[in-house]
Structure formats: structure tokens, C-alpha cells
Amino acid sequence: MDRIDIHIEVPAVKYRELAEQSEGESSAVIAKRVEAARGIQLERFKGTKVHCNAHMNPRQIRKFCEPDAAGHRLLEMVTERLGFSARAYTRILKVARTIADLEYSESVREQHLAEAIQYRSLDRKTS
């Protein structure tokens, strides 16, 4: 599980939720945001062999994924409490950078890290 960047459990959806007529964000809107985030990443890594956040090396992670102060505190707390490995820690930083890119944020903030941590739901200490 440690080698998979994102893993979540998806519970069954209740009938009422399926039958509701509420509309979420359209696929076209989401696709445009994803394209923009990919463009940000291509620009970020221009002149290197890296083309997306997932392929960052440790030096690039330190440069582009530096969390804010609240993010550092959050990472320290969850790493100790949940027993994340070094590999899981770097995966969280990369996913948080991507979440920040999707929000057009230049910096990785606590909320980006919190969301990335949620995507590690199956990567928990079993003791």
C-alpha cells in the first residue's frame, strides 16, 4: 500500500443521494482545471526530465512542496500518530502539491496536506 499515492474506501451510496437532482461540478469544468494544473506542472519542470509532480526527486520536493507552518505541524502530528513511512510522507507532499495546483495556489497549505492525508486512508498503523 505504501507505493500507491492515493487510496480511499468508497462506501455505497444511499438511494436518496442517487435519486437527488442536485448537480455537481461538470466533467468539462473539472477537465479544464486538470488541464490548467498539468500546464502549471509542465511550466514548473520546464528544462528537466520531470513532467509532473509524481516524478519529483527529493530536491524538487523540498523546493516545490514546502508546507506552511500549520502544514508542518499537521504533518508532524499525523506522521507520529498514524505511523506514516518516509515513502508515504513524500507521497503526501506530492499529492498535496497537486491539490494546490488544482486550486491555482503557489504554496502548499495545511488544507492541501489535510486532503492529501485523507487519501492515505488505508495506509495506517495496524498495531
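Reader: Why does cysteine 65 count as buried?

Author: In this predicted model, the relative accessibility of cysteine 65 is 2%, and since buried means under 20% relative accessible area, cysteine 65 counts as buried. Cysteine 52, at 8% relative accessibility, falls under the cut-off of 20% and therefore counts as buried too.

Reader: What makes phenylalanine 45 and phenylalanine 64 an edge-to-face pair?

Author: There are two steps, one for the distance and one for the angle. The ring centres are 5.6 Å apart, within the 6.5 Å that a pair requires, and the planes stand at 90°, which is over the 60 degrees asked of an edge-to-face arrangement, so the pair receives that name. A search of the whole structure finds 1 aromatic pair, formed by phenylalanine 45 and phenylalanine 64.

Reader: What parts of the chain does the pair link?

Author: The pair links distant parts: phenylalanine 45 is in the loop between α2 (27–44) and α3 (58–64), while phenylalanine 64 is in helix α3, and the two are 19 residues apart. Phenylalanine 45 has a relative accessible area of 2%, which is under 20%, so phenylalanine 45 is buried.

Reader: How do you know that arginine 44 lies over the face of phenylalanine 64?

Author: Arginine 44 is at 5.6 Å from the ring centre of phenylalanine 64, and this value is within the limit of 6 Å; the direction must also be within 35 degrees of the ring normal, and arginine 44 is listed as lying over the face.

Reader: Is tyrosine 104 buried or exposed, and why?

Author: Tyrosine 104 has 51% relative accessibility, and because exposed means over 50%, tyrosine 104 counts as exposed. Tyrosine 104 lies in the loop between α5 and α6, and its phi is near 60°, a positive value in a residue other than glycine. Most residues other than glycine have a negative phi.

Reader: Why does serine 105 count as buried?

Author: Serine 105, whose place is also in the loop between α5 and α6, has 8% relative accessibility, which is under 20%, and so serine 105 counts as buried. Its side chain is joined to that of arginine 109 by a polar contact of 2.8 Å, a value within the limit of 3.5 Å. Leaving aside neighbours within four places in sequence, serine 105 is in contact with Arg97, Ala100 and His112.

Reader: Which elements give two or more residues to the largest nonpolar core?

Author: The core has 19 residues, and those that touch the most other members are Leu75, Phe84, Ile92, Leu93, Leu113, Ala116 and Ile117. The elements that give two or more residues are α4 (69–82), α5 (86–102) and α6 (110–118), with α5 giving the most, 6 residues. Leucine 75, leaving aside its neighbours within four places in sequence, is in contact with Pro67, Tyr89, Ile92, Leu93, Leu113 and Ile117. In soluble globular proteins, nonpolar side chains tend to be buried together.

Reader: Why is valine 95 called buried?

Author: Valine 95, which lies in helix α5, has a relative accessible area of 10%, and because this is under 20%, valine 95 is buried. The C-alpha atoms of valine 95 and asparagine 53 are separated by 7.7 Å, although the two residues are 42 residues apart along the chain.

Notes
Residues are numbered from 1 along each chain as its sequence is written. This is a predicted model: local features need pLDDT of at least 70, side-chain atom pairs count only at pLDDT 80 or more; totals for chains, interfaces and linings use all residues. Side-chain values use heavy atoms; hydrogens and water are left out. Buried means under 20% relative accessible area, exposed over 50%, partly exposed in between (1.4 Å probe, protein chains only). A nonpolar core is a set of buried Ala, Val, Leu, Ile, Met, Phe, Trp, Tyr and Cys residues joined through side-chain atoms within 4.5 Å. Helices (H or I, at least four residues) and strands (E, at least two) are DSSP runs, numbered from the N terminus. Contact means heavy atoms within 4.5 Å. A polar contact is a pair of N or O atoms within 3.5 Å; within protein, one must be able to donate a hydrogen and the other to accept it, and residues adjacent in sequence count only if both atoms are side-chain atoms. Rings of Phe, Tyr and Trp (its six-membered ring) pair if their centres lie within 6.5 Å; planes under 30 degrees apart count as stacked, over 60 as edge-to-face and the rest as tilted.
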